[in-house]
Amino acid sequence: MGLWRVHVEIEDRPGQLGELAAAVGGAGCNIVSLTVLGEPGPDGSITDELLVEAADEHTAARLAERIRAAGMGCTLAVPAGGGELRDPVTTALALARRVAADPDAAPRAVANLLHAHLLGDDERSIHTCRLPVFDQDVRLGRAWPFTATELSRAAMLVETAELCFDPLASGETQSSASLGLVLLGDGSEVELRVLTALDGPLIAALHARCTPSTRRSAFLNPSPALSSDELAIQLAGRCGNGTGLIALTTEGGHAVGVATLDPDGPDTSEDGAALGVLVEDAWQARGVATALIRRAASLATDAGYDELTLSTQPGNLGVTRLMRRAGLRPTAQLVDGLLRVRVSLAQSVGEGRRSSINQGS
């Protein structure tokens with residue numbers, strides 16, 4: 001099954017969405033998301049954007065024919081990427097936060113919001129538009145027309161970011177505790193940054209998207225919903241003095257992985273910390289976990305910890321391979337039905353650095 005972007009012009013009257021759903025189902029396709037673009041056409045029709053699962057290109061073409069046969073205009077049917085299955089409001093807010101923290105990221109953020117790509121001076125595209133982004137004139141291109149509603153969303157994204165950005169600050173933008181971008185094995189990128197108390201919704205959503213087996217292996221908790229206490233432990237440890245890292249997509253700021261360091265976790269020594277790592281299933285085997293573990297070990301060393309511990313399911317031997325890829329030397333043994341993994345760290349920083357990492361510096 002592939003994902004297709006479909007634009008449909010429908011009359012604003014009762015029953016039209018039901019007829020549209022029947023046409024999609026009759027073509028053997030499945031609607032996975034619907035967005036109202038909100039711009040009435042000359043005849044008063046409204047354009048809806050669907051993301052539809054279809055078996056192949058032939059099925060998608062048959063879908064367009066069925067929609068037109070039902071009396072609705074189908075103006076677009078193009079392949080879409082799986083990464084576009086995201087909540088548009090969350091995406092817009094996450095991109096605004098990213099631009100507020102790093103104004104240089106504004107052109108790319110606007111392009112991501114509009115599912116477009118940035119064009120160079122000599123590049124051409126089927127459909128193009130120009131947008132003022134801070135002090136730049138940005139050209140964007142894609143395979144289907146830009147709508148006024150979409151462009152107003154992009155303008156609001158930039159305006160919101162401008163309100164958050166103080167050009168009179170002391171030479172730096174607002175601190176996001178970003179640790180930079182990581183290039184993954186498949187060519188994609190994620191941003192790593194220090195976990196903060198404001199990341200609760202991102203962590204809760206990440207946990208819910210993972211499969212029960214992934215949740216059980218990472219945190220011994222197969223439930224899709226974290227209680228408020230469990231979420232608080234994820235963000236700041238059992239006694240509030242823990243820290244962590246979060247891996248975010250560059251296209252929308254969604255969390256795809258998290259690593260936590262808790263000095264008060266189970267089986268920790270006096271100068272050790274419990275390590276927890278969770279990576280969304282669709283992002284596994286791409287290098288996210290290795291990057292998180294490597295950076296978490298570095299943060300732990302800077303904070304003055306001399307040991308990391310991790311408890312997981314006995315069959316999860318892959319965690320030791322991940323640690324070795326991250327440059328660590330783990331030891332493991334079965335204790336009370338769980339696999340207990342320990343890693344010794346080279347302690348190179350004194351006790352005074354421990355407070356600074358908890359503040360995200």
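The structure is a predicted model. Its chain contains 11 helices and 15 strands, and 47% of its 361 residues are buried.

**Overall make-up**
- Of the contacts in the chain with a separation of 6 or more, 63% are between residues 24 or more positions apart.
- The chain has an accessible surface of about 17,600 Å². Carbon and sulfur atoms account for 53% of that surface.

**Packing of helix 1 and helix 2**
- Two packed helices are described by the angle between their axes and the distance between the axes.
- Helix 1 spans residues 16-26 and helix 2 spans residues 57-69. Their axes come within 8 Å and cross at roughly 145°.
- The crossing of helix 1 with helix 2 is right-handed.
- On the side of helix 1, the residues that meet helix 2 are Leu20, Ala23, Val24 and Gly26. Their counterparts in helix 2 are Leu63, Arg66 and Ile67.

- Leu34 counts as partly exposed because its relative accessibility is 39%, a value between the 20% limit for buried residues and the 50% limit for exposed ones.

Definitions and conventions: Residues numbered from 1 in each chain as written. Predicted model: local features only at pLDDT ≥ 70, side-chain atom pairs only at ≥ 80, totals over all residues. Heavy atoms only, no water. Buried < 20%, exposed > 50% of the residue type's maximum accessible area, 1.4 Å probe, protein only. Axes fitted to C-alpha atoms, helices over the stretch in contact; angles between N-to-C directions. Helix = DSSP H or I, 4+ residues; strand = E, 2+ residues; numbered from the N terminus. Left-handed = near helix turned anticlockwise from the far one by under 90°. Contact = heavy atoms within 4.5 Å. Areas by Shrake-Rupley, 256 points an atom, 1.4 Å probe, with all protein chains shown as cover.
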